[in-house]
Amino acid sequence: MEFAIATDGLRKKLGGRTVIDDLALRVPPGDVYGFIGPNGAGKTTAMRLLLGLIRRDAGDVSILGRDLDRDRIGALAETGAFIEHPGLYDHLSGRANIELYRHQRGLAASETDRVLEVAGMTEHANRKAGQYSLGMRQRTALARTLLGNPKLLLLDEPTNGLDPEGIQDMRELIRALPERTGATVFLSSHLLAEIEQVAKHAGLLRDGKLVLQGPLDELLGGGGEAHMSVDDPKRAAAVLGQAGWAAEKIAADQIAVRGASATPGEIDTATANRLLVEAGIAVSAIARPRSSLEDLYRRSTAAQPAGDTQ
Ligand SMILES: Nc1ncnc2c1ncn2[C@@H]1O[C@H](COP(=O)(O)OP(=O)(O)OP(=O)(O)O)[C@@H](O)[C@H]1O
């Protein structure tokens, strides 16, 4: 399976407006994918379409390698979803809330302990859900989606409304999920900083269109270029240039370096440093400038009309 989620030409009109427009998602398996967009961009609608909760007007959807039209049960049997504010029975304990679903699905009793433990709710599990903070409610709801160990988790703004501590707990929990459970996590958020902290891949949604998509490191340009502070930038650029690197002076004491044939996103600063030191040039600092997701978002918002740049 190449992608945990793949869509092509996905479209949806609601109330006469195109809310999802030619969406081509590519979500690699085994990581957290951040689905970013401001309120109203269409994130929740897209997630509903992925789950077949609402009918799409056009397009193909493949979930865990299965076509949603041809094998809906197969596609969704191993998918857990947490959309909007999932409800809990307040008069029942956290554990009983989980048990109810475990029973319904005929899963082994050990599943309840496992999901409570992954969600960090074991020690609170016997308290009534009505006494929980919102953060604890969200973690219990997340625990419930982990029942049966789904291979794909769709989480719609799970940190919405939480206090800072609850947000941090939830982020750490989500970040660790692929490694702890093997699941691919498709996480929506309107918070760019959140996605930067949690996800390895991202897609940026604006007005129903995907304006950017890819590995976060590549999107942010991490590693594509290094800035080196040196005592003789002109000579440093020449030395690296002779060794096949692209290097130029960018400040009185600084050069920008790109690898000659390096893979995009990779630059061997250790070798560049060694070449300079061997040539008698002092290197005082090496930095990898990154544009923030915020920059990308502003750039993509400024670009008119929205292009599909994935
Ligand atoms: N049933 C509906 N009828 C008409 N328009 C709708 C309907 N549901 C959603 N919309 C509109 O579709 C757009 C996308 O909504 P959606 O809820 O998917 O956005 P979102 O990115 O999830 O934002 P939020 O974070 O605010 O939920 C919004 O402009 C919304 O007003």
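Predicted model: local features only at pLDDT ≥ 70, side-chain atom pairs only at ≥ 80, totals over all residues.
Figure 1. Helix α5 (residues 134–145) lies across β7 and β8 (152–156), and α5 runs at about 160° to β7.

Figure 2. Follow the six strands in the order β7-β8-β9-β4-β10-β11, and you will find mixed pairing in an open sheet. At the edges stand β7 (79–82) and β11 (209–215); each has a single partner strand, so one side of each is left without a neighbour in the sheet. On average, neighbouring strands here are turned by 15° against each other, direction ignored.

**Figure 3. Strands β10 and β11, side by side.** Six bridges link β10 (residues 201–206) with β11, and the two strands pair in the antiparallel sense. For a handy landmark, look for Arg206, which stands opposite Lys209 in β11.

**Figure 4. The shell around the ligand.** Here the ligand is surrounded by Leu14, Gly15, Val19, Gly37, Asn39, Gly40, Ala41, Gly42, Lys43, Thr44, Thr45 and His190. Sorted by class, this shell holds three nonpolar, eight polar and one charged residues. Helix α1 (residues 43–50) gives the most to the shell, with three residues.

**Figure 5. Helix α1 and its surroundings.** Seven of the eight residues of α1 are buried, so this helix is largely enclosed by the rest of the structure. The buried residues are Lys43, Thr45, Ala46, Met47, Arg48, Leu49 and Leu50. After the helix comes Gly52, which has a positive phi near 70°.

**Figure 6. Gly74 in helix α2.** Gly74 has its place in helix α2 (residues 72–77). It has 14 C-beta neighbours inside 10 Å and therefore counts as partly exposed. Leu64 is ten residues away from Gly74 along the chain, and the C-alpha atoms of the two are separated by 8.8 Å.

**Figure 7. The open sheet of four strands.** This sheet has the order β13-β14-β12-β15, with antiparallel pairing. Its edges are β13 (246–251) and β15 (283–287), each with a single partner strand, so one side of each is left without a neighbour in the sheet. From one strand to the next, the twist averages 25°.

Figure 8. Strand β12 (residues 226–230) and strand β14 (residues 254–258) run antiparallel and are joined by four bridges. Within this pair, His227 has Ala256 in β14 as its bridge partner. Helix α9 (residues 233–242) lies across β12, β13 and β14 and runs at about 170° to β13. Helix α10 (residues 269–278) also packs on the sheet, where it touches β12, β14 and β15. The direction of α10 makes about 160° with that of β15.

**Figure 9. Stepping back to the whole chain.** The protein chain has eleven helices and 15 strands, and its C-alpha atoms fill a box of roughly 70 × 50 × 35 Å along the principal axes. Of the 310 residues in the chain, 39% are buried.

Definitions and conventions:
Residues numbered from 1 in each chain as written. Pairing = 2+ DSSP bridges. Axes fitted to C-alpha atoms, helices over the stretch in contact; angles between N-to-C directions. Contact = placed C-beta atoms within 7 Å. Near = placed C-beta within 6 Å. Nonpolar A, V, L, I, M, F, W, Y, C, P; charged D, E, K, R; others polar. Buried ≥ 20, exposed ≤ 12 C-beta atoms within 10 Å, placed from the backbone.
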